[in-house]
Amino acid sequence: MKAERFQPDRLIEQACELAGSDDFGDDDTWREGLGLLCDDLASEARLNDLGVEIAVLDVVRPLTIRLQILKWRKENPAVATQPVARPIFIVGQPRTGTTILFDLLAQDPALRPPLTWEVDNPLPLPRPDTYDTDPRIAETQANLELSEQIVPGLMTWHPMGALVGQECVRITAGQFCSMIFSVQYRLPGYYRWLLYDADHHPAYRYHRMFLQHLQSGVPGGTCCWLLKSPAHLWHLDALVAEYPDALIVQTHRDPLNVISSISALTHHLRQLASDESSIVDCAAQSCEEIVVGLERGMKLRDSMTAQRVVDVQFADFIRDPFATIRTLYAELDRDLEPVAEQNMRAFLAAHPGDGGGGRYTWADTGLDADAVRDQVSAYQQRYGVPTEPLK
């Protein structure tokens with residue numbers, strides 16, 4: 001039954017019906033990832049009945065969006081000529097403050113994040129006059145709140161909202177070369193392909209197409225794109241190949257607390273679709289990904305001699321977020337205007353966070369702390385990342 005539901009041709013046919021188009025253009029590089037994803041969803045993800053339905057939607061939606069975007073570009077060829085100039089990318093390990101930093105910077109009127117509702121529903125094209133009132137906003141918010149009903153506490157663990165900036169992994173899902181799938185579902189073959197073998201350059205080409213599409217409806221004017229995903233850390237080479245003028249902000253935190261935190265979050269997310277998730281299983285994947293990502297990130301940083309990269313320590317940011325933001329703006333040659341800081345302070349007051357509480361502990365991971373500490377010591381030494389007490 002599951003194998004039938006996850007046949008790529010069947011899912012592609014559903015997407016074509018929804019999009020009213022079967023024209024995927026000349027680039028078929030996305031098919032490899034789709035095939036591997038479908039294989040693992042059918043045989044390895046341990047999906048329950050609801051999980052099958054959720055996963056089908058999670059495959060059909062990006063296929064449909066890809067078709068819609070390509071159709072729009074074909075009808076409006078000038079979209080492909082629009083520049084995406086000097087975008088700012090926030091990267092770094094997950095759970096290192098990337099989300100709150102992204103959300104605060106998004107309050108600056110001179111920066112433009114892709115909002116969740118327009119990423120999930122980019123057709124019809126968002127328009128300036130209805131950008132804050134589009135009915136898709138309420139529809140997207142309702143879908144997010146439904147997830148919270150299925151797994152209570154999910155929105156606390158990872159705050160989401162229709163009018164909140166969305167991560168790039170939800171965009172690159174349309175290339176089927178995205179960590180969004182391997183976090184939400186148990187996909188052992190797919191995540192190792194993603195980590196070691198996949199060519200991520202086409203994913204960043206599609207990423208640019210997506211941004212061009214959004215700004216063709218709601219032009220940024222003097223704004224520049226503000227973008228975020230921890231996944232960029234693993235593929236900085238592909239990122240800068242597509243965006244050579246990108247400004248990169250890398251956040252840093254003790255990797256061991258990162259691993260225990262992301263393992264618990266991954267376990268929580270997977271409970272949306274599976275009754276058989278395990279923190280130990282999630283931790284083994286997270287540890288492998290973090291260690292590989294940090295090592296790869298350091299090597300890629302060595303080769304990016306002409307790239308503007310600003311480092312932000314999680315401990316400094318938590319201690320004094322606005323001192324960190326002022327330093328960051330200076331490093332990026334940007335002015336922190338009073339209205340932007342006022343907006344940021346209001347946002348932070350309304351979203352103080354809960355510090356993580358007791359939601360995760362290292363003991364839950366089943367990992368050897370001394371062995372992992374040895375694996376990440378070179379990263380900590382290079383960037384002066386302090387060792388934190390294990391939670």
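Two strands are taken to pair if DSSP finds at least two bridges between them. The structure described here is a predicted model. Its chain is divided into domain 1, residues 2-114 + 165-383, and domain 2, residues 115-164.

- An open sheet is built from 5 strands in the order β2-β3-β1-β4-β5, and the pairing is parallel.
- The edges are held by β2 (111-112) and β5 (308-313); each has a single partner strand, so one side of each is left without a neighbour in the sheet.
- Strands of a sheet pair through backbone hydrogen bonds, either parallel or antiparallel.
- Between β2 and β3 (residues 224-228) there are 2 bridges, in the parallel sense.
- Leucine 111 has cysteine 224 of β3 as its bridge partner.
- Helix α19 (residues 369-383) lies across β4 (247-252) and β5, and runs at about 115° to β4.

**The interface between the domains**

- The C-alpha centres of domain 1 and domain 2 are 17 Å apart.
- Contact between the two involves 32 residues of domain 1 and 23 residues of domain 2.
- The size of an interface is often given as the accessible area lost when the parts come together.
- For domain 1 and domain 2 the buried area is about 2,500 Å², and carbon and sulfur atoms give 69% of it.
- Of the area that domain 1 buries against domain 2, 22% is supplied by His268, Leu272 and Arg359, more than by any other three residues.
- The rule finds 2 salt bridges across this interface, together with 6 residue pairs in polar contact.
- At least two residues of the side of domain 1 that touches domain 2 come from each of α4 (49-75), α5 (98-105), α9 (169-172), α12 (201-217) and α14 (255-270).
- Helix α4 gives the most to that side of domain 1, with 6 residues.
- Glutamate 118 forms a salt bridge with arginine 112, and their closest N and O atoms are 3.4 Å apart.

**Backbone geometry**

- Most residues other than glycine have a negative phi, and most peptide bonds are trans.
- Leucine 123 and proline 124 are joined by a cis peptide bond, with omega about -5°.
- Proline 124 is found in the loop between α6 (116-120) and α7 (135-150).
- Arginine 46 is not a glycine, yet has a positive phi of about 55°.
- The loop between α3 (30-43) and α4 holds arginine 46.

Definitions and conventions. Residues are numbered from 1 along each chain as its sequence is written. This is a predicted model: local features need pLDDT of at least 70, side-chain atom pairs count only at pLDDT 80 or more; totals for chains, interfaces and linings use all residues. Side-chain values use heavy atoms; hydrogens and water are left out. Helices (H or I, at least four residues) and strands (E, at least two) are DSSP runs, numbered from the N terminus. Contact means heavy atoms within 4.5 Å. Axes are lines fitted to C-alpha atoms, for helices over the stretch in contact, and angles run from 0 to 180 degrees between N-to-C directions. Domain bounds come from an automatic or database domain assignment. Buried area is the accessible area (1.4 Å probe) that two parts lose on being put together, summed over both. A salt bridge is a side-chain nitrogen of Lys or Arg within 4 Å of a carboxyl oxygen of Asp or Glu. A polar contact is a pair of N or O atoms within 3.5 Å; within protein, one must be able to donate a hydrogen and the other to accept it, and residues adjacent in sequence count only if both atoms are side-chain atoms.
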